[in-house]
Amino acid sequence: MPAETEPRSADRPAAVLWDLDGTILDSEKLWDIPLYELTEKLGGRLSTATRQAMVGTNVMVTLRLLYAEVGIPDPAPEQVADSAAWIDRRMAEVFHGDLPWRPGAAEALAAVRAAGLRTALVTSTERDLVEIALDTIGRDNFDVTVCGDEVDGKNKPLPEPYLKACRLLDVDPADCVAVEDSPTGVSSAVAAGTTVLVVPCEVDVDPGERRVFRTSLEGLTVADLTALMG
C-alpha cells in the first residue's frame with residue numbers, strides 16, 4: 001500500500017469495489033455456453049460440482065478444472081492456450097449480445113456514482129471481454145478497472161486484485177466496501193482487508209469475518225453501504 005492514502009469520510013466508505021460476473025451482470029450463465037461446449041468437444045461432460053468450483057476463478061484455473069473433469073490432468077501448454085483462445089472468442093460472441101443485469105445492480109451503481117463515491121471494477125474476467133461488458137455497464141461508473149490478466153497471475157481468491165484496485169484509487173482497503181457473489185471473490189476481498197457485501201448468485205457463500213449478506217442489490221442505498229463500515 002502507498003504511504004499516504006485518501007482518508008475516508010466519517011459517514012461513508014472511501015470506495016466501493018465491484019465484482020462483475022454474477023454481481024453486476026447475471027453472466028455466469030453465459031459462461032456456461034463455452035464451458036459446456038468445450039467439455040463436450042473434449043469428449044466429456046461438465047458436472048454441476050465442477051462448474052460451481054469454476055465460479056469466480058480466472059480462465060487458467062477454470063481450464064485446469066475442466067481438463068481434470070475430462071481425464072486430462074496434464075494437458076500440453078499449447079492445448080491449454082488453444083482452449084483459452086477458443087473460450088475467449090466464444091465469449092466475445094456472447095458478450096456482444098444482450099448482457100443481463102443482476103437485479104438492482106444498475107440502480108445501485110447509479111446511486112453510488114450520484115453520491116460521488118469512488119469506484120473500481122475488480123474482476124477475474126480478462127480485459128478484452130471486460131471492454132465489451134463496459135459498453136453495457138458503463139465506463140463512467142468506474143474510476144479504475146482491474147481485470148484477471150492484470151494481476152501477474154495473483155488472481156482471486158488471492159487478495160491482489162482488490163489490493164491493486166485500492167492502490168490505483170489511493171485508498172485503504174479497510175475503508176472500502178467490496179460487492180461480491182462467489183466464495184472465490186469474497187475470499188479475495190476479505191484477504192485484502194475490505195468489508196464485503198455478499199449477494200450470492202450461483203453458489204452459496206459461507207458466513208465469516210467482514211461479510212454482510214444480502215439477497216439482492218435491489219433497493220441498495222449509500223446509507224446501506226455506509227452502515228457496513230460501523
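These legends go with several close-up views of a predicted model. Residues are numbered from 1 along each chain as its sequence is written. In this predicted model, local features need pLDDT of at least 70, side-chain atom pairs count only at pLDDT 80 or more, and totals for chains, interfaces and linings use all residues; side-chain values use heavy atoms, with hydrogens and water left out.

**View 1. Lys156, a buried lysine in a loop.** Lys156 sits in the loop between strand S3 and helix H7 (160–169). Helices (H or I, at least four residues) and strands (E, at least two) are DSSP runs, numbered from the N terminus. Lys156 counts as buried because its relative accessibility is 3%. Buried means under 20% relative accessible area, exposed means over 50%, and partly exposed lies in between (1.4 Å probe, protein chains only). The side chains of Lys156 and Glu180 make a polar contact of 2.8 Å. A polar contact is a pair of N or O atoms within 3.5 Å; within protein, one must be able to donate a hydrogen and the other to accept it, and residues adjacent in sequence count only if both atoms are side-chain atoms. A polar atom of the Lys156 side chain also lies 2.8 Å from the backbone oxygen of Val122. Beyond its neighbours within four places in sequence, Lys156 is in contact with residues including Gly56, Ser124, Pro161, Thr184 and Ser188. Contact means heavy atoms within 4.5 Å.

View 2. Asp19 lies in the loop between strand S1 (15–18) and helix H1. Asp19 is buried, as its relative accessible area is 6%. The side chains of Asp19 and Lys156 are joined by a polar contact of 3.0 Å. Leaving aside neighbours within four places in sequence, Asp19 is in contact with Ile24, Leu121, Tyr162 and Val179, among others.

**View 3. The cis bond at Pro157.** The peptide bond that joins Lys156 and Pro157 is cis. Its omega is about 15°. Pro157 is placed in the loop between S3 and H7.

View 4. The structure holds one cavity of 30 Å³ or more. On a 1 Å grid over the protein atoms alone, a cavity is a set of points where a 1.4 Å probe fits but cannot get out; lining residues have an atom within 4 Å of a point. The space in the largest cavity is about 240 Å³. Grid points are joined across faces, edges and corners, and a volume is the space filled by probe spheres set on the points. The lining has 22 residues, and Asp21, Trp31, Gly56, Thr57 and Thr125 lie nearest the centre. Helices H1 (28–41), H2 (48–54) and H3 (59–69) each supply at least two lining residues. H1 gives the largest share, three residues. By class, the lining has six nonpolar, nine polar and seven charged residues. Ala, Val, Leu, Ile, Met, Phe, Trp, Tyr, Cys and Pro count as nonpolar, Asp, Glu, Lys and Arg as charged, and the others, Gly among them, as polar.

**View 5. The buried residues of helix H6.** Helix H6 spans residues 127–137. Leu129, Val130, Ile132, Ala133, Leu134 and Ile137 are buried there. The buried residues of H6 pack against H1, helix H4 (77–95), helix H5 (105–114), strand S2 (118–122) and strand S3 (144–146). Gly138 follows H6, with a positive phi near 95°.

**View 6. Cysteines without disulfides.** A disulfide is a pair of cysteine sulfur atoms within 2.5 Å. By this rule the count is zero. The sulfur of Cys147 is too far for a bond, because the closest cysteine sulfur, in Cys166, is 16 Å away. Cys201 is in no disulfide either; its nearest cysteine sulfur, that of Cys147, is 19 Å away. Cys147 is buried, with a relative accessible area of 1%. Cys201 counts as partly exposed, at 22% relative accessibility.

View 7. Asp170 is not a glycine, yet its phi is positive, about 60°. Asp170 lies in the loop between H7 and strand S4 (176–180). At 31% relative accessibility, Asp170 is partly exposed. Arg210 is not a glycine, and its phi is positive, about 50°. Arg210 is in the loop between strand S5 (195–198) and strand S6 (211–213). Arg210 is partly exposed, at 32% relative accessibility.

Technical notes: 1 Å grid on protein atoms, 1.4 Å probe; cavity = no way out; pocket = protein on both sides within 12 Å on 5 of 7 lines; lining within 4 Å.
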